[in-house]
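I opened the file today and went through it step by step. My entries follow in the order of the look-ups.

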Amino acid sequence: MTIALTQITGIGPSTAKVLVENGFESAQQLADTTIAQLAKVPGFGIARASRAINAAIELLAAADDSTARAAQTTKRPRRTAQKPAPRPTKSISIPTTGTKADTDTKELKMKKLTKKEQEKLKKAKAKKAAAKKAAAKKAAAKKAAAKKAAAKKAKAKKAKAKKAAAKKAKEKKAKAKKAKSKKSKK
């Protein structure tokens, strides 16, 4: 059973045309590709490629489930005019609750990445952590420098006040001495 690309959430007719031009003709082929390979297709970045692959995997899993259920029934299904299912306007997001399904999806994503891409991802995370650490260190150094400058300013202000008080005391002493010498001359 071949599932058309347009049945995948987030893939419309124009995107399906681009995918077909690049060798992807079914949902199965899209599910079997890697994120890196799909990211090379025009209009697909790493994030969109990841979403498209996950949507294809989910669609195939749902189709397999419905096929299995249909095989289990003994009744012959009635033939009715089928309306195309409405396409959802939002992409389905996978909750990160730590369930087995979530873990399996994450493992599938990691398997889809090549070793080179995994190393690149690890290096990017390490670089981001180092940058964050360096920024924190720089902020701490700036804070320490500001504190040191404030302490130096306070010390200079205190010294200036002490010097002004000493000058005032000296002037007062000089006035008192002058007044005393005037009294003694009289």
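This is a predicted model: local features need pLDDT of at least 70, side-chain atom pairs count only at pLDDT 80 or more; totals for chains, interfaces and linings use all residues.

Core. I searched with that definition, and the largest nonpolar core came out at 21 residues. The residues with the most contacts inside this core are Leu5, Ile8, Ile11, Leu19, Leu30, Leu38 and Phe44. I then asked which elements give two or more residues to the core, and found α1 (13-21), α2 (27-32), α3 (35-39) and α4 (46-72). The most comes from α4, which gives seven residues.

Leu30. I listed the contacts of Leu30, leaving out residues up to four places away in sequence. The list reads Leu5, Ile8, Leu19, Phe24, Leu38, Ala52, Ile53 and Ala56.

Secondary structure. I counted six helices and zero strands in the chain. Along the sequence the pattern is α-α-α-α-α-α.

Helix α1. I checked which residues of α1 are buried, and they include Thr15, Ala16 and Leu19. Viewed down the axis of α1, the buried residues fall within an arc of 100°, so they line one face of the helix. An α-helix has 3.6 residues a turn, so residues three or four places apart point the same way. On the other side of α1 I found Pro13, Ser14, Lys17 and Glu21 exposed. After α1 comes Gly23, and I noted its positive phi, near 95°.

Rings. I looked for aromatic pairs and got zero in the structure. I did find Arg48 over the face of Phe44, at 4.5 Å from the ring centre. Phe44 is also one of the residues with the most contacts inside the largest core.

Whole chain. For contacts between residues at least 6 apart in sequence, I got 52% joining residues at least 24 apart.

Note on methods:
Residues are numbered from 1 along each chain as its sequence is written. Side-chain values use heavy atoms; hydrogens and water are left out. Rings of Phe, Tyr and Trp (its six-membered ring) pair if their centres lie within 6.5 Å; planes under 30 degrees apart count as stacked, over 60 as edge-to-face and the rest as tilted. A charge sits over a ring if NZ of Lys or CZ of Arg is within 6 Å of the ring centre and within 35 degrees of the ring normal. Helices (H or I, at least four residues) and strands (E, at least two) are DSSP runs, numbered from the N terminus. Contact means heavy atoms within 4.5 Å. A nonpolar core is a set of buried Ala, Val, Leu, Ile, Met, Phe, Trp, Tyr and Cys residues joined through side-chain atoms within 4.5 Å. Buried means under 20% relative accessible area, exposed over 50%, partly exposed in between (1.4 Å probe, protein chains only). The arc is that of the directions from the helix axis to the C-beta atoms.
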